[in-house]
Amino acid sequence: MNGTRSLPNVLVTGTPGTGKSTLCSEISQVCGLEWLNIGEIAKTGQMYDGYDEVLECPIIDEDQMVDELEDKMADGGMIIDYHGCDFFPQRWFDVVFVLRTNNTILYDRLASRGYQGHKLESNVQCEIFQTLLDEAKESYDTQIVHELQSNTPDDLEDNIEKISEWINQWKVQNSHI
């Protein structure tokens, strides 16, 4: 944890379709953190390093993204929203939340977004095998990684409450800064 920030940095990760953007938007409004949607930042800045033909999506230039965000992350008060996490430096985050969704619900969410074929199957399998949870636990101190269920509107409300409480507790514990 960085001892110079007045607000924490939060990472929200999980398989596409688990509700990361919805949750981050709400947390940003409730807690006053700046929401950084990595996919949107990459798109706006054309930070790509190729195209994945199999998953039908651009490949983010991870080094360029880290360079772009380094100063913002040092200042604190950021909530990062991205489906991957292993390329972000561990020093950036005070807490990591991994959203998990029942695979049947996830399948329906992704299909409604137009995912199909290998892209749909791959993302559902990623959730079944808890790939993003394992990635987070391998990339960060396991004590700061928390798994949250994200299946229903009630789950969303519970997660907003849990993360808001965590942020408020962090502020209390770091009020000397």
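1. Helix α4 passes helix α5 in a right-handed crossing; a crossing is right-handed if the near helix is turned clockwise from the far one by less than a right angle, and left-handed if anticlockwise. The model is predicted: local features need pLDDT of at least 70, side-chain atom pairs count only at pLDDT 80 or more, and totals for chains, interfaces and linings use all residues. Residues are numbered from 1 along each chain as its sequence is written, and side-chain values use heavy atoms, without hydrogens and water.

2. The axes of α4 (residues 103–112) and α5 (residues 117–128) come within 10 Å and cross at roughly 150 degrees. α4 is therefore roughly antiparallel to α5 (angles over 145 degrees count as such).

3. On α4 the contact (heavy atoms within 4.5 Å) involves N103, L106, Y107, L110 and A111, and on α5 it involves L120, N123, V124, E127 and I128. By class, the α4 contact with α5 comprises seven nonpolar, two polar and one charged residues.

4. Strand β5 (residues 78–81) is covered on both faces, with M78 and I80 buried on one side and I79 and D81 buried on the other. Buried means under 20% relative accessible area (1.4 Å probe, protein chains only). In a regular strand the side chains alternate between the two faces of the sheet.

5. β5 pairs with two strands (pairing requires at least two DSSP bridges). Strand β1 (residues 10–14) runs parallel to β5 and is joined to it by three bridges, with L11 partnered by I80. Strand β2 (residues 34–37) also pairs with β5 in the parallel sense, over four bridges, and E34 has M78 as its bridge partner.

Terms used: Buried < 20%, exposed > 50% of the residue type's maximum accessible area, 1.4 Å probe, protein only. Axes fitted to C-alpha atoms, helices over the stretch in contact; angles between N-to-C directions. Parallel < 35°, antiparallel > 145°, perpendicular 65-115°, else oblique. Nonpolar A, V, L, I, M, F, W, Y, C, P; charged D, E, K, R; others polar.
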